[in-house]
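Please read this report with the model open beside it. The sections go from the overall fold to single residues.

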Amino acid sequence: MQNQVNQDLNVEENQPEEFNEGVEQMMITATINEIEYEIILEDNNTTRAFIDLLPLTIQMDDLNNNEKYFYLDAALPSDSYNPETIQPGDFMLYGNNCIVLFYKSFQSNFSYTKLGTIKNTDGLQVIAASTSIEVTFAK
């Protein structure tokens with residue numbers, strides 16, 4: 001079925017996303033401290049399940065001075081891997097119910113399912129100043 005979809009969209013399999021012309025990117029917003037950030041979502045079952053939860057306003061707590069996290073009430077499908085290097089703006093799922101928003105770059109031995117990436121990380125360091133932040137995710 002996926003091959004048929006790819007053929008219909010004139011998309012070659014195994015091509016990086018930037019080469020998949022004609023494929024529209026899925027995006028949501030995260031509002032933090034009254035600043036709206038666009039998140040470019042990955043095209044996977046995890047992000048589709050997360051989108052079904054939106055709109056969602058949560059308190060994300062700090063961990064290790066490099067990330068904010070929140071445990072969802074429901075489990076999401078996961079397909080985790082070790083990205084080795086975390087980048088500022090990475091939006092991930094840890095396990096099957098912990099969403100994580102990273103604001104610093106570092107090496108990691110942990111496995112995550114990638115949900116997406118914040119499009120413009122300028123000003124994202126401001127979330128490091130608080131131990132807990134309110135985030136609203138919306139379509």
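## Ground rules and fold

Helices (H or I, at least four residues) and strands (E, at least two) are DSSP runs, numbered from the N terminus. This is a predicted model, where local features need pLDDT of at least 70 and side-chain atom pairs count only at pLDDT 80 or more, while totals for chains, interfaces and linings use all residues. Residues are numbered from 1 along each chain as its sequence is written, and side-chain values use heavy atoms, with hydrogens and water left out.

The chain has two helices and 10 strands. In sequence order the pattern is α-β-β-α-β-β-β-β-β-β-β-β. Buried residues account for 37% of the 139 residues. Here buried means under 20% relative accessible area, exposed means over 50%, and partly exposed is in between (1.4 Å probe, protein chains only). Contact means heavy atoms within 4.5 Å. Of the contacts between residues at least 6 apart in sequence, 59% join residues at least 24 apart.

## Strand pairing

Two strands pair if DSSP finds at least two bridges between them. Strand 1 (residues 26-32) and strand 2 (residues 35-41) run antiparallel, joined by seven bridges. Within this pair, Met27 faces Ile40 of strand 2. Strand 2 is also joined to strand 9 (residues 113-118), by three bridges. That pair runs antiparallel too. There, Leu41 stands opposite Gly116 of strand 9.

## Backbone features in the loops

Which residue has a positive phi in the hairpin of strand 1 and strand 2? Asn33 does, near 50°. The hairpin has two residues between its strands. Asn33 is not a glycine, and its place is the loop between strand 1 and strand 2. Asn33 is partly exposed, with a relative accessible area of 43%.

Asn65 is another residue other than glycine with a positive phi, near 55°. Asn65 sits in the loop between strand 3 and strand 4. With a relative accessible area of 52%, Asn65 is exposed. Look also at the peptide bond from Leu54 to Pro55: it is cis, with omega near 0°. Pro55 is in the loop between helix 2 (45-51) and strand 3 (56-63).

## Salt bridges

A salt bridge is a side-chain nitrogen of Lys or Arg within 4 Å of a carboxyl oxygen of Asp or Glu. How many does the structure hold? There are four salt bridges. One joins Arg48 to Asp43, with the closest N and O atoms 2.5 Å apart. Arg48 is partly exposed, at 37% relative accessibility. Asp43 is exposed, at 59%.

Another salt bridge links the side chains of Asp62 and Lys68, at 2.7 Å from N to O. Lys68 is buried, at 0% relative accessibility. A further one pairs Asp90 with Lys114, at 3.3 Å from N to O. Asp90 lies in strand 6 (residues 90-94) and Lys114 in strand 9, so this pair ties together parts that are 24 residues apart in sequence. Both Asp90 and Lys114 are buried.

## Glu67, a buried charge

Glu67 belongs to strand 4 (residues 67-71). Glu67 is buried, yet has no salt bridge. For charge, Lys and Arg count as positive and Asp and Glu as negative; His and the chain ends are not counted. Where is the nearest side chain of opposite charge to Glu67? Lys68 carries it, 10.0 Å away.

Setting aside neighbours within four places in sequence, Glu67 is in contact with Asp61, Asp62, Val100, Leu101, Phe102, Tyr103 and Phe106.

## The second largest pocket

On a 1 Å grid over the protein atoms alone, a pocket is an open set of points where a 1.4 Å probe fits, with protein on both sides within 12 Å along at least five of seven lines; lining residues have an atom within 4 Å of a point. Grid points are joined across faces, edges and corners, and a volume is the space filled by probe spheres set on the points.

The second largest pocket holds about 200 Å³ of space. Its lining has 13 residues. Leu63, Asn64, Glu67, Tyr94 and Tyr112 lie nearest the centre. Strand 4 and strand 7 (98-102) each supply at least two lining residues. Strand 4 gives the most, with three.
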